[in-house]
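Hi there,

Here is the structure I promised to pass on to you. Have a look at it first, and my notes on what turned up follow just below.

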Amino acid sequence: MASVNEDFLNLKNDYLFSAITERKNEFEKNNPDKKVISLGIGDVSLPLTKVVIDAMHKATDEMAKKETFRGYGVVQGYEFLIDKILEVEYQKRGVFLEKDEIFIASGSKGDLAGIAEIFSKDNRVALMNPVYPAYRDVNVMLGRDDIVYLNGTEENGFVPEIPSKHVDIIYLCSPNNPTGTVFTRKQLELWVKYAKENNAVIFFDSVYEIFIENENIPHSIYEIEGAKEVAVEFRSFSKLAGFTGVRCSFVVVPKELKLYTEFGEKVDLNSLFRRRQSVKFGAAPYITQRAAEAVYSDEGQKEIRENVKYYKENAKYIKKELEKLGFTVYGGENSPYIWLKIPKNMSSWEFFDKLLNEAGVVGTPGIGFGDAGEGFFRLTAFSSKEETKEAINRISNIFKR
Ligand code: PLP
């Protein structure tokens with residue numbers, strides 16, 4: 001009898017996005033003449049940039065020739081890409097990492113899931129609340145049920161306090177999805193100190209790093225002294241360069257970072273992750289890695305920053321117009337996400353229905369990111385300028401009344 005891994009049965013249904021789609025489809029069926037605008041999902045709308053496309057074409061041609069064809073790659077990733085990452089993402093910020101501390105892969109989603117497997121099932125996990133829901137699901141799938149939620153509220157600026165009890169793994173997301181808030185240097189110093197004192201490990205997810213605009217906000221956790229001993233960093237080309245459909249990411253696993261056996265012996269996370277990747281992942285495709293390399297050319301950097309500017313202008317526009325309507329709005333500055341406080345006496349699903357039925361606009365109910373997200377609503381800046389304007393116009397028409 002093939003039996004199931006029952007940890008998978010502890011997953012809550014993927015209720016949020018299926019419920020959103022269901023309600024949207026129902027509305028469209030009943031209102032065939034009304035075009036629904038989605039400011040709901042976190043996917044990009046601008047196409048890949050020219051430099052990236054050219055690099056992909058070139059790499060594809062190389063694959064067609066015997067002399068330049070590439071088969072299985074190397075687990076770590078190609079050196080041509082790792083060197084660029086070290087230089088542009090780290091050395092320019094005074095962070096010095098070694099080549100074998102960077103692992104190229106195919107999206108942070110898989111990386112976050114992969115690293116979590118190397119930690120004991122008994123570890124206590126701390127999750128921000130509200131936050132990207134995949135963190136919780138990954139741990140549920142691994143049978144890890146000791147989860148502590150660190151609530152982000154208006155009072156603490158959606159940056160949770162250090163937990164009062166011991167935790168082993170801490171997920172920090174900065175800029176945060178969905179609240180858009182970022183950790184300051186001082187706050188990160190406190191987390192690194194906590195992790196050191198508790199032999200804990202921080203998973204620092206900064207896939208929205210490119211959206212950071214305030215000068216004093218760290219772009220990498222390794223800007224904090226001592227972080228290499230306690231933190232793994234996750235970065236992705238998804239939002240950096242519109243690679244949501246191409247899939248490329250990297251993980252930083254410093255060699256200073258050690259885990260402990262039951263008897264207190266130290267083991268090296270970097271070696272175990274390499275081993276894990278070689279068995280379960282393989283390597284990111286050559287064409288993809290050439291595309292990612294192109295992002296770091298001068299022209300590539302110019303192009304991706306123009307795209308990010310486009311989304312940031314959408315974010316600022318949404319924020320400004322909603323504030324004019326009297327809403328309290330968070331995020332939208334160092335982030336593509338706008339975190340809107342819902343008027344009193346309305347749940348986030350009721351607000352969803354109101355926007356859909358009265359404005360034909362889809363967003364994401366805050367409850368979908370954890371119970372601390374109730375009372376809030378996420379809008380994204382990833383749509384086109386025209387659609388964003390139209391959506392805000394329609395929302396204004398409801399709330400002006
Ligand atoms: N981390 C956060 C906070 C995200 O919001 C997302 C995707 O939306 C991911 C990770 C996954 O990114 P990727 O496309 O690299 O898998």
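A charge counts as sitting over a ring if NZ of Lys or CZ of Arg is within 6 Å of the ring centre and within 35 degrees of the ring normal. Lys389 lies over the face of Tyr317 in this way, at 5.3 Å from the ring centre. Arg290 does likewise with Phe80: its charged end is 3.6 Å from the centre of that ring.

Some housekeeping before the rest. This is a predicted model, in which local features need pLDDT of at least 70 and side-chain atom pairs count only at pLDDT 80 or more, while totals for chains, interfaces and linings use all residues. Residues are numbered from 1 along each chain as its sequence is written, and side-chain values use heavy atoms, leaving out hydrogens and water.

The protein is divided into domain 1 (7-47 + 299-400) and domain 2 (50-296), with bounds from an automatic or database domain assignment. Their C-alpha centres lie 26 Å apart. The contact between them (heavy atoms within 4.5 Å) takes 37 residues from domain 1 and 41 residues from domain 2.

Now to a sheet. Helices (H or I, at least four residues) and strands (E, at least two) are DSSP runs, numbered from the N terminus, and two strands pair if DSSP finds at least two bridges between them. Four strands form an open sheet in the order 11-12-15-14, with antiparallel pairing. Strand 11 (329-331) and strand 14 (364-365) each have a single partner strand, so one side of each is left without a neighbour in the sheet. Between strand 12 (residues 337-341) and strand 15 (residues 376-380) there are five bridges, and Ile338 stands opposite Leu379 in strand 15.

Which aromatic pairs are worth a look? Rings of Phe, Tyr and Trp (its six-membered ring) pair if their centres lie within 6.5 Å; planes under 30 degrees apart count as stacked, over 60 as edge-to-face and the rest as tilted. The whole structure holds 30 aromatic pairs. One of them joins Phe103 and Phe273, with centres 5.0 Å apart and planes at 80°, so the pair is edge-to-face. Phe103 is in strand 2 (residues 102-105) and Phe273 in helix 8 (residues 269-280), 170 residues apart.

Best wishes
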